[in-house]
Every structure is written in C-alpha cells, then in structure tokens.
Amino acid sequence: MRVTFQEELDQLEATLQEEGELVLRALRGSLNALAQQDVELADEVIAFDDEVDDHYLGIEEGIQSLLARQTPVAVDLRLVLAVLHVNLHLERMADYCVTIAKLTKLVHDSPADETLMEAFEEMGGRAEQMIRVALDSFAERDLESAETLPELDELIDRANRRVVGHVLSLGSDQEKLEWGLRMIVVSRCLERIGDHAVDIGEQTAYFVTGEFREFTDASH
Amino acid sequence: MPDMESAAAAPVRIAGVDERVLAEREERVSSHRRDVLFDVENLRVSYAGVPALKDVSLEIYKNFITAFIGPSGCGKSTFIRCFNRMNDLIPTAAVEGTIRYHGADLYGPEVDPVEVRKRIGMVFQKPNPFPKSIYDNVAFGPRVLGWKKNLDERVERALRQAALWDEVKKRLKASAYSLSGGQQQRLCIARCLAVEPDVLLMDEPASALDPISTTAIEDLMHELKRDYTIVIVTHNMQQAARVADMTAFFSVDVDEEHDRRTGILVEYDTTPTIFTQPSDKRCEDYVTGRFG
C-alpha cells in the first residue's frame, strides 16, 4: 500500500472541499451585498477571491507533483483528473461571485427592484443548494445524487429567463436599461454557477463510472 | 441569412465533418482487425503434479504487443514459456489444455519443438549472448539452419532491426561481451530476429537495464510490432502501460487447506482499460499499488 500517495490524494480532496466551502461563502457574501446594496461587503467578496485562488493553485500544484511522481492509474487516475476539473469549476464559480460583487458596486445607488431581488435570492439559494449537492455527491461518490443536478439547474435557468423578461418589461429609459443590463449579467452569473455545479456532477459520474458524458446535451 | 427553421432541418456539419465521414471513421476503428495468432483455452501447467497455473483462456493478436503483469508467483513466466514450449525442457512440467498457433495445436504430436522455437523466439531477463563475436552471435541461428547465403546481409538486417547496427557496424568481430548490458540485450533480440521468427517472447527484457537502455528496448518494441507479434512479461507496470496494446493481469489463487498457490488469469483487456478502468478489484488494487 502506498501510504504517502493515499495521503496526498486525501489531502487534495480535503483542499477541494475546503475550496467549495469558500465558494459557498463567496456566493452568500455576493448575494447579501447585492440584496443590501452593501459596497463594503462587495469589496470583501472581491478580496476574498484570493483565498479561493490560493486553494485553486495549491490543488493545481499538488496534482502536477502527484502526476510527476506517482503516475496514478485506474481509480486514482480518475480521481486526480476529476479533481483537476472540479477545481477549475469551483474557481470559475468564485469568479462569478466577484462579478456579482463588482456589479453591486456599480448599481448600489439605484433603487432596489423587489421582483428582481426575490428572483436573485431564489436563484442564489438554488445555486447554493446545487454546490452542496455537487460537493457532497463527489465526496460520497454518489452518482444518483449527482444526476439530480440538471433538474435543479433547470429551475435556475427558468428563473434566469424570468429575470430577462422582467428587465425587458421595464421600458426603454436609458438609466433603467443600463441598470437592467447589469442585472441580466448578475442573473447570468448565477445561472452559470448552476452550470458549473452540473459539470462537477459530471465529474462525479466520470469518477464513478469511468465514462465521459454530458448529463444534458447542448441544445438544453 | 437562412431562416432558423431551414437551418435546423439541415444536417449538422462542422468544419467539413459530416455523418458519412464520422461513420467511416467509426467503421475503421471498429474494424481494426484483431487477427488471432494464439488461441489459448483452459491452459493448466503443473510442476511435479503441483499446479502452477490454471484455467487460462485468452487470445493473442497478431502484430500486437501483449503484456503479462502480476505479482511474483502468479504464473506469468510459466505462461509465456508455454508459447514456445520451453516448459518441455523441464521434465516434471505438464501442460494441459490447448494453445493454437495460427489455428494449429502447438502441442500436437506432429509439431517439432525446435521449429516452434525458431518461429517463436525468446528474449530473457538477463542478456545472454554467446561467448563469441557480435557477428557470430547473430549468425549463429542462420548457420544452424544452414542458411549460408547472404549471411552478411542477414546479420546486418537483424542488427538494424534491433537498432544496434550503427553502434556495432565497425566492430562486428569484437566480443559480444564488450557491449553494454542494453546493447547485449538488443544483440539477443537481433539474434532472435536473424532466424526470421513470427513472434518475440520477452521475459522481463528490460528489468536488468538502466533507464536509457530500457527506453531503447521499448522504442524497439514499437518498431518491431509492425513485423512481429510481441508478448512481454514485465514487473514494471508503467512499462506495460507504455508499450502494450493488450494487458493480462495474473494473480495468485491461494488454497490454504492444501497450502497451494496457483496462478490465475484475472483480467485481460486493452491496456488503456486496464490502467484507467479495470473491472476486477484485484486488478485495480494491483495496478494502483494497493496490493502485491
């Protein structure tokens, strides 16, 4: 039994889960900053991204070293490849949180729109749920749970379409249009976070089954 | 701009790749013929009545490199020796079951073991050149067979095939022992090739060599598989992963009651499958270093 190797694999996974927790904090921070139009909190979210990036780079370096020294195969190879991808998806999620925080700073003096704030809270809550499902199913090697992610994602996608419809209904006032476009980007960020959670689910499926496949085809 | 409806109805074409091309490619891959060279059925080998290997059935394909891996005592060396009837040389060895070679029973009564060993050459773990010159080592087989014509060309061709010619062409009369270990091993391969075999059996051919010589042997195997079928036993799993098209994993079946350890074939599949998604837990534990 290669004890050191197993420890290194365990460490990689532990760091990945930690990174996931950080992403959840970043997401919650960005949602609260948006809802409360809290510029200070938005700045914190932006700065917090460095911590996610540290984890991301640590995992990248860990994998590079592990591939160079341990030549993992079979279940170990699949785990390392899956961690490599999940790591990137988490890092991208955190970047979307930063984008939301930056947009919050740009629109903080505009009047809040109840309908949109409710939609964002709903989308954010679903995105959080999806991240948890994605992380837990990866940790538990739970294919069935991972396969529920596209259904959850569909709910975010629907909310995203509602946001777009709502913004379009606001009329053509220049100021409102600018604000509305920024809100569409916020919505798009949340929608993309959901997509990345689905992608993590696909990595769980790859790890468990050894087969590469998309849960849904591109036409969805 | 075409309207969306007619665009949706058109077949999907990306960068000139259409369904016909994809179908052809698919057919090419799936029809990459696996010509069976050896067909092994229910092989069982025992020494003095004690089984060393049992119930082995598999096919070895022409122009493939097939690797046998597994822990010590799993019978992989015993198995590779069956392919050129080397076990005949051990008085207590008994081989049951069948090995068909080009469809003919390798152990049939009309088969001459010497002819078998000419067509199915073997390279061993330790280079074992004869205490003769480089030239005479390679010329040995052809001379025994009475192939006296064009002997120089034959020796040169074999040395070239073994990727040794450039290193020895100016000192063919020097002793084979003056070569490095890696060169000696390639000389032994040249010696096999000089009698124009069909198959090369290699029993840990690189385990006594340094990494550079090992790479040379592995590169050579890739070259040789165009003309020969290669079967290799290796302890080095990464070597199997690097060179083999097919990999067979052998393990040991322990019978506590009779205190017997018998080699068995556990899993046989394409090398990428064995090293990415083996289906047997024992195979996975072995290739990932969790056992053996």
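**Figure 1. The largest nonpolar core has 79 residues.** Ala190(B), Leu200(B), Leu201(B), Ile230(B), Val231(B) and Ile232(B) touch the most other members of this core. Helix α8 (residues 181–193) of chain B gives the most to the core, with six residues. Another core, of 57 residues, lies apart from it, and its members include Ala33(A), Val52(A), Leu90(A) and Leu116(A). A nonpolar core is a set of buried Ala, Val, Leu, Ile, Met, Phe, Trp, Tyr and Cys residues joined through C-beta atoms within 7 Å. A residue is buried if 20 or more other C-beta atoms lie within 10 Å of its own, exposed if 12 or fewer, and partly exposed in between, with C-beta atoms placed from the backbone. Helices (H or I, at least four residues) and strands (E, at least two) are DSSP runs, numbered from the N terminus. The model is predicted: local features need pLDDT of at least 70, side-chain atom pairs count only at pLDDT 80 or more, and totals for chains, interfaces and linings use all residues. Residues are numbered from 1 along each chain as its sequence is written, and chains are lettered from A and ligands numbered from 1 in the order in which they are written.

**Figure 2. Contacts of Ile230(B).** Beyond its neighbours within four places in sequence, Ile230(B) is in contact with Ile65(B), Leu200(B), Met202(B), Met221(B), Leu224(B) and Lys225(B). Contact requires C-beta atoms, placed from the backbone, within 7 Å.

**Figure 3. Strand β6 (residues 120–123) of chain B.** Ile120(B) and Met122(B) point one way, Gly121(B) and Val123(B) the other. All are buried. In a regular strand the side chains alternate between the two faces of the sheet. β6(B) pairs with strand β7 (residues 199–203) of chain B in the parallel sense, over four bridges. Pairing requires at least two DSSP bridges between the strands. Gly121(B) has Leu200(B) as its bridge partner in β7(B).

**Figure 4. Val164(A) in helix α6 (residues 149–168) of chain A.** Val164(A) is partly exposed, because 16 other C-beta atoms lie within 10 Å. Leaving aside neighbours within four places in sequence, Val164(A) is in contact with Ile184(A) and Ser187(A). Gly180(A) is 16 residues away along the chain, and its C-alpha atom is separated from that of Val164(A) by 8.6 Å.

**Figure 5. The contact between chain B and chain A.** Chain B gives 11 residues and chain A gives 10 residues. On the side of chain B that touches chain A, α10 (237–243), α11 (271–276) and α12 (281–287) each supply at least two residues.

Terms used: Two residues are in contact if their C-beta atoms, placed from the backbone, lie within 7 Å.
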